[in-house]
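The entries follow the order in which I made them.

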Amino acid sequence: MARLKIDNYAIKEAPRLGFKGWLRWMWRQVTSMRIALILLLMLGVAAIPGSFLPQWPRERADTARFVANNGALGELLDRLGFLDVYGSAWFTAIAALLFVSLVGCIVPRTIAHAKALRAPIAPVPSSLTRYAPLAEGEAPGPLDHSVGQLTAHLRPHPQWWGAITGYRVRTDERGDGVAFAADKGHIREIGNLLFHAALVGLLFAAAAGVLLTFRGQAVVVEGRSFTNAVVAYDTFSAGRLFREEELSPFTLTLDKFESQFSDAGRPETFAAHVTVTEPGVGTRQEVVRVNDPLGIGGANIYLQGNGYAADLTFTDAAGNVAFSGPVIFLPQDGYYTSTGVVKVPDVTSGDQVGLRATLFPTAIGEGTEWISIHPQPANPVIVFTAYTGDLGLDAGVPQNVYRLDESQLSPVRDDDGAPAVMVIAPGETVELPGGAGSLAWNDTLRFAAFDLRSDPSLPWMLGFSIAALTGLTLSLFGPRRRLWLVLTAQGATTVVPSTDGPGIHVQGAVLAPAHDAGARAELERAVAAAVGREEHA
């Protein structure tokens with residue numbers, strides 16, 4: 001160790017930490033409670049972008065559109081991981097540091113607390129008169145009887161549970177009497193440790209959920225079926241450890257969809273009547289309602305949405321059926337004004353045809369001006385425009401089935417040269433201008449949008465959340481007290497002068513935080529137990 005001399009004063013230089021010293025310093029910083037709280041705050045802040053920016057694992061189409069629409073900013077956010085927050089390196093680093101910090105806090109404190117539980121209790125002070133509050137009482141005796149009653153009161157459970165929830169008790173002979181030193185409050189530290197251990201468990205459960213969970217959405221039209229396979233979902237996302245073969249094989253058929261609305265159009269009930277077929281189990285009828293999911297194979301199927309599907313048939317200019325089937329119309333408002341797209345690539349000859357349509361369930365209006373006044377299909381009407389050209393389906397790039405790319409299309413025009421707007425009702429057939437084909441509306445069906453989710457971490461997260469809440473409650477409300485009681489046979493040398501006559505003199509004091517309003521009552525109950533007044537216990 002070097003010395004530095006300034007104006008005849010020798011000052012010792014601080015020793016260099018060295019490599020091990022710096023490692024020890026960094027470990028102490030990481031495992032400090034201050035850093036743990038900072039990391040917890042950072043984790044919450046880091047999760048914010050994942051709540052309002054589209055994420056690749058969940059919304060690939062929306063995320064790709066976001067990147068394309070925002071140019072350099074979208075590409076920068078993508079490179080920095082803001083479009084895959086929970087899989088980014090910086091989010092993982094924060095979570096890992098928080099995990100290390102919590103473990104580094106918990107393990108030493110658990111060892112220290114275990115040693116504290118085994119450490120001997122300090123004896124009763126030589127004089128209790130300097131402590132407040134102070135309580136006294138007289139017992140008829142004998143001394144052994146009062147000692148037994150007080151012991152049973154302080155430690156009602158003699159095993160380990162009593163040592164945790166009750167008092168740890170030390171008894172010492174003092175002259176012709178017995179001194180009790182009782183210590184309580186270890187449940188606070190146990191609750192604190194339980195809370196932090198539960199946080200670690202929550203981190204583990206959240207990580208397992210990200211890796212093992214899967215979620216998919218599927219739209220099913222009345223009379224159609226859905227098979228639980230990745231290729232059958234409209235959108236599907238899963239954790240990195242999930243395997244497609246883990247999907248439970250089943251088939252779900254939407255038999256009927258029922259909806260009820262008030263006269264003002266307010267939704268009242270939705271019910272999807274389905275038939276579920278599982279290999280080796282058989283077929284059963286079920287009803288899926290809002291907030292009442294159907295459980296199958298460890299996953300839950302939620303009713304996410306609903307709307308109308310028009311069964312349409314398009315006949316091309318050569319008189320051949322080029323398209324036939326239900327077309328999904330997505331609701332746009334509370335009255336179920338819905339939009340849909342028909343893409344007809346397989347025409348016999350000529351250009352491909354695309355239709356952009358709007359369905360009004362209870363329509364009023366004329367010409368091109370229509371509105372819906374109720375969600376139920378009392379007077380359904382479809383207003384549509386037609387386009388011809390290249391739909392872009394041959395480029396091999398996936399397209400959104402609910403959007404029509406007009407970049408290579410031209411609108412079909414009427415006799416006045418304006419884009420033709422056509423109206424069709426159920427059971428009708430409309431001829432497109434210029435001999436481009438015809439459209440027939442065969443039937444009006446309902447569809448249901450199902451959301452299937454499986455997250456094996458949810459029960460664990462619930463259990464750890466309850467454990468964390470329990471630990472926090474114990475750490476906040478568990479009392480920290482020390483009781484001292486001295487039981488002295490009358491006539492012996494006592495801590496304070498005793499009354500005349502045979503019996504036992506009991507004197508007690510309590511040491512507790514100033515805000516502990518129940519400390520005095522606890523002391524009085526202990527004295528009452530020692531003197532035999534059980535009605536005060």
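**Entry 1**

I began with proline 133, which sits in the loop between helix H5 (89-118) and strand S3 (134-139). Helices (H or I, at least four residues) and strands (E, at least two) are DSSP runs, numbered from the N terminus. The peptide bond joining alanine 132 and proline 133 is cis, with omega about 5 degrees.

I noted the ground rules here. The model is predicted: local features need pLDDT of at least 70, side-chain atom pairs count only at pLDDT 80 or more, and totals for chains, interfaces and linings use all residues. Residues are numbered from 1 along each chain as its sequence is written, and side-chain values use heavy atoms, with hydrogens and water left out.

Next I looked up positive phi angles. Asparagine 291 has a phi of about 65 degrees although it is not a glycine. I found asparagine 291 in the loop between strand S11 (282-289) and strand S12 (294-296). Is asparagine 291 buried or exposed? Asparagine 291 is exposed, with a relative accessible area of 74%. My cut-offs are under 20% relative accessible area for buried, over 50% for exposed, and partly exposed in between (1.4 Å probe, protein chains only).

Tyrosine 336 lies in the loop between strand S14 (321-331) and strand S15 (338-344). Tyrosine 336 counts as buried, at 9% relative accessibility.

**Entry 2**

I then followed the strand pairing. Two strands pair if DSSP finds at least two bridges between them. Strand S9 (residues 251-261) and strand S10 (residues 267-278) pair in the antiparallel sense over 10 bridges. Which residue in S10 is the bridge partner of glutamine 260? I read threonine 269 as the partner. S9 and S10 form a hairpin with five residues between them. In that turn, glycine 265 has a positive phi of about 90 degrees.

S10 also pairs with S11. These two strands run antiparallel, joined by eight bridges. Histidine 273 stands opposite valine 287 in S11. S10 and S11 form a hairpin too, with three residues between them. Glycine 280 in the turn has a positive phi of about 80 degrees.

**Entry 3: domains**

I checked the domain bounds, which come from an automatic or database domain assignment. The assignment gives domain 1 (21-116), domain 2 (128-185 + 479-531) and domain 3 (312-442). The centres of domain 1 and domain 3, taken over C-alpha atoms, are 48 Å apart.

**Entry 4: second largest pocket**

I looked up the second largest pocket. On a 1 Å grid over the protein atoms alone, a pocket is an open set of points where a 1.4 Å probe fits, with protein on both sides within 12 Å along at least five of seven lines; lining residues have an atom within 4 Å of a point. The second largest pocket holds about 420 Å³ of space. Its volume is the space filled by probe spheres set on the points, with grid points joined across faces, edges and corners.

I listed 18 lining residues, of which Pro326, Val327, Ile328, Val401 and Tyr402 lie nearest the centre. Strand S6 (214-221), strand S7 (225-227), S14 and S15 each supply at least two residues of this lining. By class, the lining has 14 nonpolar, one polar and three charged residues. Ala, Val, Leu, Ile, Met, Phe, Trp, Tyr, Cys and Pro count as nonpolar, Asp, Glu, Lys and Arg as charged, and the others, Gly among them, as polar.

**Entry 5: salt bridges**

How many salt bridges does the structure hold? I got 14. Each is a side-chain nitrogen of Lys or Arg within 4 Å of a carboxyl oxygen of Asp or Glu.

I started with arginine 284 and glutamate 286, whose side chains meet at 2.8 Å, N to O. Arginine 284 is partly exposed at 24% relative accessibility. Glutamate 286 is partly exposed, with a relative accessible area of 24%.

Next came aspartate 516 and arginine 481, with their closest N and O atoms 2.7 Å apart. This pair links distant parts of the chain, 35 residues apart: aspartate 516 is in the loop between strand S25 (504-511) and helix H10 (519-531), and arginine 481 is in strand S24 (residues 481-489). Aspartate 516 is buried at 16%, and arginine 481 is buried at 9%.

Glutamate 522 and arginine 525 form a salt bridge at 2.6 Å, N to O. Both lie in helix H10, three residues apart, about one turn of the helix. Glutamate 522 is buried at 8%, whereas arginine 525 is partly exposed at 27%.
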